[in-house]
Amino acid sequence: GDPDYRDTGLEFPAGFVFGSATASYQIEGAHDADGRGPSIWDTFSHTEGKVFNGDTGDVACDHYNRLDEDLDLMQDLGLESYRFSIAWPRIQPTGRGPANEAGLAFYERLVDGLLARGIKPIVTLYHWDLPQALEDDGGWTSRATALAFGDYARIVGERLGNRVALWTTLNEPWCSAYLGYGSGAHAPGRTESAAALAAVHHLNLAHGLAVSALREVVTNNPDFAITLNLHVFRPDGETGPEAVRRVDGLANRLFLDPVLNGSYPQDVLDDTAEITDWSFVQDGDLELIRQPLDVLGVNYYSTNRVRMWDGEGQKESSDGHGAATGTAWPGAENVEFLQQPGPYTDMGWNIDPSGLEDLLVSLHEQFPELPLMITENGAAFPDTVEVDADGARRIHDVDRIDYLRRHFTAAHRAVARGVDLRGYQVWSLMDNFEWGYGYSKRFGIVHVDYDTFERTPKDSSRWYAQLIRDRRIPPVD
Ligand code: PNW
């Protein structure tokens, strides 16, 4: 294979599951339908200055009202799996108390619609839409939120736990903790380092409680997973290794170590000792957090190059996390994120498929018994709609096809090196609400017209359909 990740014709193993991913707040809309309560993202997006252009998820892609059409779209693309998230405030409008029947019924209809079309549902219990009422009581800085999450998981498991074969608890707790409570770029927009670290622990605890609750109520022996956005850090110069140690500790080991090994990394506890004494970690928590897992979900987009800042001149901070006032790196404020060589996506994230191969191989070396699944990978580009001679709308998203081809090649190379990789969920099925960037960034393999809600498959979705059909990366023409 050539180093440029342009191999084609590579065949994926039998059983490898090709799918696509979305998240509730990003696509559903119908923010006050059928008893749904407000979430922290409703509050945040309705606060002036928080989301680009004042965009909100009130309507989003109107998926809630277009479920059948979207299910048919997935079937037309030949998806083998679909990863979606359940909006906690549809199930429990205030995060506590009895289930809201209409909310459960919606997700039941979704799961049954997938199964009827031969598409494997991959359920995420939490993709950032925390009930606002729980935030009012402290949100993820509070232990009570983790306990409530266990109850919520049980409610969902009781209803769907005879039909769902793969559950993931949390999506990217790194974002929830550090962007939500540290940098303030995400809801709830708090900017306190101590709060961010408390959130890390309570998210880990919530994961453990949810797996244990689900295990008690489900009847079909499903697989359990967590999805992490593990960061790939490249060291720069002499201070690079120390910088990597610090940010790897915060971004990766603070989640991997408790979830898979039942411990917190001592060096990170030391690095953050001035910020918090970690007294929110109670006896028995680490045993609860360490639940046997069947799969580790990996979200991958880009890499970072880091070194320690020498205190001279302007510190670079190209960490790709957008404008924010607080730090996403408590205890590692002196790590400098260097501008990386391009090419870049529309997010400004550098394109580096070697990071995906390195990450998968390194995880496999650290946890040889643990199967992996790419639960998100994809790219935003400023797609343009062209209307051809017979009036059909076309989106020639060659950049996205190229991005996906290279990353599927990287994944295939990891498989060839012995990694037990179970599947790949492309982010995203359709253009959607890209958090702080609103609707300005398009990640979909299907285009969404936000005036008419018309869905138009982009060229990349046809490319992907061919990959799924042939189980081989299509030849470059
Ligand atoms: C992930 N960062 O978000 C999420 O799981 C998706 O909901 C999101 O749409 C997708 O990636 C694309 O952004 C991230 O600042 C958001 O590093 C922000 C960051 C990383 C991932």
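## Helix packing, cavities and local backbone features

Pro188 is found in the loop between helix H8 and helix H9, the latter spanning residues 193-217. In this predicted model, the peptide bond that leads from Ala187 into Pro188 is cis, with omega near 5°. Ala187 also belongs to the lining of the largest cavity, and the two helices on either side of the Pro188 loop pack against each other at an angle of about 155°. The sections below take up the helix pairs, then the cavity, and finally the other backbone features.

### Helix pairs

Two packed helices are described by the angle between their axes and the distance between the axes.

| Helix pair | Angle between axes | Distance between axes |
|---|---|---|
| H8 and H9 | about 155° | 8 Å |
| H5 and H7 | about 50° | 10 Å |
| H3 and H5 | roughly 25° | within 10 Å |

For the pair H8 and H9, angles over 145 degrees count as roughly antiparallel, and H8 and H9 are therefore roughly antiparallel to each other. Their crossing is right-handed. On the H8 side the contact involves Pro173, Ser176, Ala177, Tyr178, Tyr181 and Gly182, which meet Ala195, Ala196, Leu197, Ala199, Val200 and Leu203 of H9. By class, the residues of this contact of H8 with H9 comprise 10 nonpolar and 2 polar, with no charged residue.

Helix H5 covers residues 101-116 and helix H7 covers residues 143-160. With an angle of about 50° between them, H5 and H7 are therefore oblique to each other. H5 and H7 also make a right-handed crossing. From H5, the residues Glu101, Leu104, Ala105, Tyr107, Glu108 and Val111 meet Ile155, Val156, Arg159 and Leu160 of H7. The contact of H5 with H7 divides into 7 nonpolar and 3 charged residues, with no polar ones.

H5 takes part in a further pairing, with helix H3 (residues 67-77); the axes of H3 and H5 cross at roughly 25°. That angle makes H3 roughly parallel to H5. H3 passes H5 in a right-handed crossing. Here Leu67, Asp68, Leu71 and Met74 of H3 meet Phe106, Arg109, Leu110, Gly113 and Leu114 of H5. The contact of H3 with H5 holds 6 nonpolar, 1 polar and 2 charged residues.

### Cavities

A search of the whole structure finds 3 cavities of 30 Å³ or more. The volume of the largest cavity is about 60 Å³. Its lining consists of Ile40, Trp41, Tyr126, Trp128, Trp140, Cys175, Ser176, His186 and Ala187. At least two of the lining residues come from helix H2 (40-45), and at least two from helix H8 (173-183). Ser176 of the lining is also one of the H8 residues that meet H9. The lining of the largest cavity comprises 7 nonpolar and 2 polar residues, and no charged residue.

### Other backbone features

A cis peptide bond also joins Trp427 and Ser428, where omega is about 10°. Ser428 lies in the loop that runs between strand S13 (421-427) and strand S14 (446-448). Tyr5, a residue other than glycine, has a positive phi, near 55°. Tyr5 is placed in the segment before strand S1 (17-21).

Methods: Residues are numbered from 1 along each chain as its sequence is written. This is a predicted model: local features need pLDDT of at least 70, side-chain atom pairs count only at pLDDT 80 or more; totals for chains, interfaces and linings use all residues. Side-chain values use heavy atoms; hydrogens and water are left out. On a 1 Å grid over the protein atoms alone, a cavity is a set of points where a 1.4 Å probe fits but cannot get out, and a pocket is an open set with protein on both sides within 12 Å along at least five of seven lines; lining residues have an atom within 4 Å of a point. Grid points are joined across faces, edges and corners, and a volume is the space filled by probe spheres set on the points. Helices (H or I, at least four residues) and strands (E, at least two) are DSSP runs, numbered from the N terminus. Ala, Val, Leu, Ile, Met, Phe, Trp, Tyr, Cys and Pro count as nonpolar, Asp, Glu, Lys and Arg as charged, and the others, Gly among them, as polar. Axes are lines fitted to C-alpha atoms, for helices over the stretch in contact, and angles run from 0 to 180 degrees between N-to-C directions. Angles under 35 degrees count as roughly parallel, over 145 as roughly antiparallel, 65 to 115 as roughly perpendicular and the rest as oblique. A crossing is left-handed if the near helix is turned anticlockwise from the far one by less than a right angle, and right-handed if clockwise. Contact means heavy atoms within 4.5 Å.
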